[in-house]
Amino acid sequence: MHTDSLTIGGRTLTSRFFIGTGLFPNPYVQKEAIKASGAEVLTFAIRRINLASTEDDSILQHLEGENYVYLPNTSGARNADEAVRIARLARASGLSDWIKVEISVNERTLLPDPIETLKATEQLVKEGFTVLPYTSDDPVICKRLEEAGAAAVMPGAAPIGTGLGILNPYNLGLIVEEAGVPIIVDAGLGSASDVTQAMELGVSGVLMNTPVAKAKDPVRMARAMSLAIEAGRLSYLAGRIGKKRYASASSGLDAFKLK
Amino acid sequence: MKKQQVIVMGGGIIGLSCALELQRRGHQAMVLETKRCGGQASGAAAGMLAPYSENVEGPDSFFRLCLESLQLYPEWQRAVREISGESFEYTESGSLYVAYHDADLLALEGRLLWQRQYGSTGMIVEGDALYRMEPLLTGEARAALYTPEESHIYAPHYVRALETACRRLGVQIYEELEQLEIVEWQNEVVVHASNGRFFEGDQLLICSGAWAQHLTDTLHLNIPVYPIRGQICAYEAESRPVSHMVFCNQGYLVGKANGTLVCGASEDVAGYDTTVTEKGISRLLNWNKQLFPFLEKQTPFHSWAGLRPATQDGFPLIGPVPGTERVVLAVGHYRNGILLSPATALLAADYIVDKQFSVFDDAFLPNRFI
């Protein structure tokens, strides 16, 4: 059987779970939860990192010695220029040449600014970064980001940290249909069922932080999410049945009738 | 309610505060400490009373408990001074949370938006205004969030004064007990110490911080509290070169009245080991000179470590143990034990005396972990 793998920016990943390292109650729970998630790609805000000495950083130091792909993000940036500037800082520190473009202007909703996101993506692609932009769940902007050279496109399910789940599954389905690069759902998921739903819509992976870090038991939730990703992916590949209005017997009653 | 005999396991800041409050309400508290009072996380703390800087995400139950405790502090620390006859530093310095990038401003503004609704009169300061507040701050600082409401305390003296206050009011304190075993807790309370002595009481209050997880089997209750090592160092500083508590994304600096500048904290997972490591301290030195360049030429004169009692969801466990009317937990205060000492003392005493919580919801109840 053909193996179901995910490749982004030339790198084949073992897990479809991208996890954020922020918000965990303490370093012990953080470390254990990341381990339980099985995630290989870790994201964190560049502005929270000690760029002068990344191995000493208060977050990254707990993750030493593991083979993770770092996906630094530009969270906090309010326009393309700021995002590009901190992306360059991150790369110069030797952390990674992957970058999650995240540009928001409204401090209450933190919704992405698609126009500035597109500008930053174009620029960073030109500079040779592997760019994964976080954007709104609009099929047109997602396609434009792909055309700009994004290695994967990451539409939000709902505003960051809200846990509202997929507000517009129709759009997300369209985005997947149109896409020529992996689609990763980023932001707004709350529970394992949200995650499964996203995977069943055919997305290539999910990126989460709050639903794991703020769970009562983050380690257990990380495992739950990882299983949900797997279940959703398998269900998508296996192909669900069509919906019918009325019952049809699963026992195949006719086959047992004496004739 | 008739006078209750309350055994308090643990003589840290939380145990002593609870014992003092119970004694003030006319009950008899007895503190059992395996080593010396204030010898663990309590004495190692930098003593920051900073709920706004420590809680940057939103006004959850934990923030509200921290805020309540901050607001109790002026009155509470006055009472500890009066009863003990001892003094300790309590400085209403305000705090600065320093941002290096434009990209930090969105987060600081988001924080202000909700923190203003909860008593902060904070503001974002930049340029000359910022350097007037902290002249030695790095030129790389983009801006800072100034929160005037935050203060700090000198924890080693505070915990000593609390102990004296307890003794003066008649709290019985037993130290160096090495190991304690809860022999009976359902119909009466009996605790056995490894020196052979038995202690008996009506109620049991557990304030043993990072050690509370060992009671999981005894109390038939999941107590997910883990030790996180926090390493701190201090500089000798003649003229208080830093006048506010200054936070950045890596840690904090706070100048004490005794002429020391305290820098913390480097956290790691090391079990119950309180050794200071070179790596732990060098991490502090690597970022603090970026924040205050004059530190480049200084060497800390002292460094130490304490075990912070962290919990699975980041909230402390305060409240009754299910299945009995006799056992109450007050553990898992992590980085905020000093700040939370008055609020915890009142909550625990309310429960022990009245069997009810008056103010807070059930976010801290110990039975929340399945």
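Reader: How many residues sit between S10(B) and S11(B) in their hairpin?
Author: The hairpin of S10(B) and S11(B) has 4 residues between the strands. Note that this is a predicted model.

Reader: Which way do those two strands run, parallel or antiparallel?
Author: Antiparallel: strand S10 (residues 180-184) of chain B is joined to strand S11 (residues 189-193) of chain B by 4 bridges. Within that pairing, B:Glu181 stands opposite B:His192 in S11(B).

Reader: And what stands opposite B:His192 in S12(B)?
Author: That is B:Phe198. S11(B) also pairs with strand S12 (residues 198-201) of chain B, in the antiparallel sense and over 4 bridges.

Reader: What's in the turn between S11(B) and S12(B)?
Author: These two strands form a hairpin as well, with 4 residues between them. In the turn, B:Gly196 has a positive phi of about 95°.

Reader: How do S1(B) and S13(B) pair, parallel or antiparallel?
Author: They run parallel. Strand S1 (residues 5-9) of chain B and strand S13 (residues 203-206) of chain B are joined by 4 bridges. B:Val6 stands opposite B:Gln203 in S13(B).

Reader: Over to chain A. At what angle do H6 and H8 cross?
Author: Helix H6 (residues 192-200) of chain A and helix H8 (residues 218-238) of chain A cross at roughly 30°, and their axes come within 7 Å. That angle makes H6(A) roughly parallel to H8(A).

Reader: Is the crossing left-handed or right-handed, for H6(A) passing H8(A)?
Author: Right-handed. On the H6(A) side, the contact residues include A:Val195 and A:Met199, and on the H8(A) side they include A:Ile229 and A:Tyr236.

Reader: What kinds of residues make that contact?
Author: The contact of H6(A) with H8(A) divides into 10 nonpolar, 3 polar and 2 charged residues.

Reader: Which residues does UniProt list as "binding site"?
Author: The unreviewed UniProt entry lists A:Gly161, A:Ala187, A:Gly188, A:Asn209 and A:Thr210. They span 50 residues in sequence, but no two of their C-alpha atoms are more than 9.5 Å apart, so they gather at one spot.

Reader: Where does A:Ala187 lie?
Author: In the loop between strand S9 (184-186) and H6 of chain A.

Reader: Last topic, the two chains. How many residues does each give to the contact?
Author: Chain A gives 25 residues and chain B gives 30 residues.

Reader: Which helix gives the most on the chain A side?
Author: H1(A) does, with 4 residues. Helix H1 (27-37) and helix H2 (80-92) of chain A each supply at least two residues of the side that touches chain B.

Reader: And by class?
Author: The side of chain A that touches chain B has 8 nonpolar, 8 polar and 9 charged residues.

Technical notes. Residues numbered from 1 in each chain as written. Chains lettered and ligands numbered in written order. Predicted model: local features only at pLDDT ≥ 70, side-chain atom pairs only at ≥ 80, totals over all residues. Axes fitted to C-alpha atoms, helices over the stretch in contact; angles between N-to-C directions. Parallel < 35°, antiparallel > 145°, perpendicular 65-115°, else oblique. Left-handed = near helix turned anticlockwise from the far one by under 90°. Contact = placed C-beta atoms within 7 Å. Nonpolar A, V, L, I, M, F, W, Y, C, P; charged D, E, K, R; others polar. Pairing = 2+ DSSP bridges. UniProt positions renumbered as here; feature names shortened; annotations may be inferred.
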